[in-house]
Each structure stands twice: as structure tokens, then as C-alpha cells.
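This briefing sets out selected features of one protein model, grouped by topic. Please read it beside the sequence and the structure shown below.

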Amino acid sequence: MPTIPKRIHIIGSVGSGKTTLARTLATATSIPYHELDNVVWERRLGGDRRRTDEERDAVLADLVKGESWIIEGAHSTTWVEESFRRADVILFLDTPYYKRMKQITFRFIRQKMGRESAHYSPDFTIFRKMFRWNALFERETKPYILKLFKDRGYPHIVLHDNQQPIDWAEGKEKRHV
């Protein structure tokens, strides 16, 4: 039986299915998952507060010192690279662009209807920003990440769907896609 990674970083664009995949893996493996948004933002009753870079880095450093974790987020790779270095595997969720656009739209509608919660106000400003972030990810961040993985030799698996089976999660030998 293959060894299941204990430190997993999931990266992908907004709308790619990172949180869904993280929750699924956390349930299957009993490994706690953490959203990078909650590392950047201190969640408070009176309103969220953006942490300073130093606070954010300290929170992430504490998380990656742990024996097991699943971290997911689409944030800039410069400050999250320590989690890449410590990860047993990085799952790069490279969902097709049109599917991400669709997911962003459906998520916005669910949030506006009150069927899905959000840490932000689901207004048209954030809706437009998500489309811009998605385009920026496709154009700049994705090529940068793939080059970074190649140059640094980080162990990674590219998934094209958040429902795509992962061999070690299915009890099979691990292979990189």
C-alpha cells in the first residue's frame, strides 16, 4: 500500500475547485486543511483584518512546521514557497479556463441567493475581480508556477479536475501526471 502524503499543498486559480478538493482529501485522510485566505486575514466578529506580511508569514510558518497538513490557496508563490519546500506533494489544480469562469459565476449566484457563505461581500466589484484574477492566473501565474516546479524539482501532480482520482488516495501507486 502506498504512503499517503501527510503535507499537501493545493494550488490553482480562483474557481478551480481547490477548497472542494482540500475538504475531500481532509475527510479521506483525517488531515486538517487550511485556507491561505485565513492565513492572510484574521477572521474577527467585528470584521476581518488583513495581517501584516510578518504576521502572515509567522502564521504560515507555524502551519508548515506541523507533521501533517493540507494547505490550499491561489496566493502569490513568493510568500508560500516555504510550504512548497515542506510539502510531500503539491497538487496543481489546472481546471480548464471555461470551467473556472462557470464556477465563478455559479458561486456568485449561490452567494447572492444566500446558499453559500463567503468571507467577503459578494458584490459585482469582487465578481469582476475574480474574472481578472482568473485571466491573470492563466496568463502569468500558471506559467510561472510550472516553471518553478520544473526548476526546483518540487514533487507535484497536475490535475485537470477536482474530481480526478489521485492514485495514492485510491490506494494505488503514486505517479505524476
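In this predicted model, the lining of the largest pocket draws at least two residues from each of helices α1 (18-29), α2 (37-40), α5 and α6 (124-152) and from strand β5. Helix α5 gives the most to this lining, with seven residues.

**Largest pocket**

- The space in the largest pocket comes to about 1,600 Å³.
- The lining of the largest pocket is made up of 47 residues, and V14, K18, D37, R107 and M130 are the closest to the pocket centre.

**Largest cavity**

- The structure has one cavity of 30 Å³ or more, and the space in the largest cavity is about 30 Å³.
- The residues that line the largest cavity are I104, R107, F108, Q111, Y120, I126, F127 and M130.
- Helices α5 and α6 each supply at least two residues of the cavity lining, and α5 gives the most, with four residues.
- R107 and M130, which line the largest cavity, are also among the residues closest to the centre of the largest pocket.

- Strand β5 covers residues 69-73, and five of its five residues are buried, so the strand is largely enclosed by the rest of the structure.
- The cut-off behind this reading is that a buried residue has under 20% relative accessible area.
- W69, I71 and G73 point one way from β5, whereas I70 and E72 point the other way; residues on both sides are buried.
- Strand β1 (residues 7-12) pairs with β5 in the parallel sense, over five bridges.
- Strand β2 (residues 33-35) also runs parallel to β5, and three bridges join the two.
- I70 of β5 is the bridge partner of I8, and I70 is also the bridge partner of Y33.

**Salt bridges**

- R49 and E42 are joined through their side chains by a salt bridge with an N to O distance of 2.9 Å.
- R49 is partly exposed, at 24% relative accessibility, and E42 is likewise partly exposed, with a relative accessible area of 25%.
- A further salt bridge joins the side chains of D151 and K147, at 2.5 Å from N to O. Both residues lie in helix α6, four residues apart, which is about one turn of the helix.
- Salt bridges with shared partners connect E81, E82, R85, R86 and R152 in one network.

**Nonpolar surface patch**

- A nonpolar patch on the surface is formed by F106, I109 and M113, which together have about 290 Å² of accessible area.
- F106 belongs to helix α5 (residues 97-112).
- The relative accessible area of F106 is 42%, so F106 counts as partly exposed.

**Backbone at S30**

- Most residues other than glycine have a negative phi.
- S30 is not a glycine, yet it has a positive phi of about 60 degrees.
- S30 is placed in the loop between α1 and β2.
- With a relative accessibility of 66%, S30 counts as exposed.

- E140 is part of helix α6.
- E140 has a relative accessible area of 48% and is therefore partly exposed.
- From C-alpha to C-alpha, E140 and A26 are 29 Å apart in space, and they are 114 residues apart in sequence.

Note on methods:
Residues are numbered from 1 along each chain as its sequence is written. This is a predicted model: local features need pLDDT of at least 70, side-chain atom pairs count only at pLDDT 80 or more; totals for chains, interfaces and linings use all residues. Side-chain values use heavy atoms; hydrogens and water are left out. Buried means under 20% relative accessible area, exposed over 50%, partly exposed in between (1.4 Å probe, protein chains only). Two strands pair if DSSP finds at least two bridges between them. Patches are made of residues with over 30% relative accessible area and no salt bridge: like charges are joined within 9 Å, nonpolar side chains (Val, Leu, Ile, Met, Phe, Trp, Tyr) within 5 Å. Accessible areas come from the Shrake-Rupley method with a 1.4 Å probe; for residues, only the protein chains shown count as cover. A salt bridge is a side-chain nitrogen of Lys or Arg within 4 Å of a carboxyl oxygen of Asp or Glu. On a 1 Å grid over the protein atoms alone, a cavity is a set of points where a 1.4 Å probe fits but cannot get out, and a pocket is an open set with protein on both sides within 12 Å along at least five of seven lines; lining residues have an atom within 4 Å of a point. Grid points are joined across faces, edges and corners, and a volume is the space filled by probe spheres set on the points.
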